[in-house]
Amino acid sequence: MAAVLARLADRDPDPKAGFDRTDPFRLLVTVLLSAQSTGPTVSRVAEALFAEVRDPAGMVALGEARIVEIIRPVGLGPSKARNIVKLSAALVADYGGGVPRSAAEMRRLPGIGRKSAEVTANFAFHEPVIAVDTHVFRVSNRIPLAPGPTVDAVADGLARSVPEGFKDNAHVWLFRHGRDICTARKPACPRCPVSDLCAWSGRSTA
């Protein structure tokens with residue numbers, strides 16, 4: 001685990017460079033919007049949404065119908081809009097309009113599951129949690145790092161076994177490795193920086 005992460009860190013020593021952590025609410029909503037949608041579309045829609053509203057109270061006032069109109073391109077618009085309004089209302093009622101700093105608290109918000117909570121808590125507040133998406137799940141099972149049959153099992157395994165010094169950035173490194181090199185189809189094994197540490201039976205050398 002340490003050897004793999006050390007090599008990924010050497011290639012990308014500051015993976016969160018340029019990331020704006022000043023608005024945890026915007027990040028939380030953007031992560032919610034990203035479910036089953038592509039990055040560029042999510043970024044464009046989030047920009048349009050936050051051009052009209054700045055905080056949870058404003059989101060509640062904007063209303064579900066208008067939010068659906070704005071976020072329609074990301075898909076699942078009605079359910080996402082409903083959850084955005086509900087979580088915004090909960091933030092106003094229970095947290096004074098702020099976003100709780102822990103993933104455990106965020107998971108109590110409507111529409112926020114483990115991955116969304118852990119991405120937000122890690123990026124916004126540096127909580128040492130490791131969110132598991134499809135890329136992280138695949139990489140963790142292939143190499144393997146923290147194999148498991150479910151996302152929760154892999155997340156729990158990574159939480160136990162990733163050294164503390166790597167936890168803040170581990171999600172980004174593993175995500176990018178899975179997106180760019182250890183892809184679902186035709187992984188780029190010949191240019192993989194950890195190929196000699198990988199035990200995957202489908203690993204190729206050419």
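Analyst: Starting with voids: the structure holds 1 cavity of 30 Å³ or more. Keep in mind that this is a predicted model.

User: What volume does the largest cavity have?

Analyst: About 100 Å³.

User: And how many residues line the largest cavity, and which lie nearest its centre?

Analyst: The lining has 13 residues. Nearest the centre are His177, Cys182, Cys189, Cys192 and Cys198.

User: How does the lining split by class?

Analyst: There are 10 nonpolar, 2 polar and 1 charged residues in the lining of the largest cavity.

User: OK, backbone now. Which residues does a cis peptide bond join?

Analyst: Ile143 and Pro144, with omega at about -15°. Most peptide bonds are trans.

User: Where is Pro144 found?

Analyst: In a loop, the one between α9 (134-142) and α10 (151-161).

User: What about phi at Leu76?

Analyst: Leu76 is not a glycine, yet its phi is positive, about 55°. Most residues other than glycine have a negative phi. Leu76 sits in the loop between α5 (64-71) and α6 (77-95).

User: Is Leu76 buried, partly exposed or exposed?

Analyst: Leu76 has a relative accessible area of 45%, so it counts as partly exposed. The cut-offs are under 20% for buried and over 50% for exposed.

User: And what is phi at His126?

Analyst: His126 has a positive phi too, about 60°, and is not a glycine. The loop that holds His126 runs between α8 (114-125) and α9. His126 is partly exposed because its relative accessibility is 39%.

User: Switching topic. Where is Leu32, and is it buried or exposed?

Analyst: Leu32 is in helix α2, residues 24-33. Its relative accessibility is 6%, so Leu32 counts as buried.

User: What does Leu32 touch?

Analyst: Leaving out residues up to four places away in sequence, Leu32 touches Lys80, Asn83, Ile84, Leu87, Pro110, Gly111 and Ile112.

User: Last one: how far apart are Leu32 and Ala146?

Analyst: C-alpha to C-alpha they are 26 Å apart in space, and 114 residues separate Leu32 and Ala146 in sequence.

Notes. Residues numbered from 1 in each chain as written. Predicted model: local features only at pLDDT ≥ 70, side-chain atom pairs only at ≥ 80, totals over all residues. Heavy atoms only, no water. 1 Å grid on protein atoms, 1.4 Å probe; cavity = no way out; pocket = protein on both sides within 12 Å on 5 of 7 lines; lining within 4 Å. Points joined across faces, edges and corners; volume = space filled by probe spheres on them. Nonpolar A, V, L, I, M, F, W, Y, C, P; charged D, E, K, R; others polar. Helix = DSSP H or I, 4+ residues; strand = E, 2+ residues; numbered from the N terminus. Buried < 20%, exposed > 50% of the residue type's maximum accessible area, 1.4 Å probe, protein only. Contact = heavy atoms within 4.5 Å.
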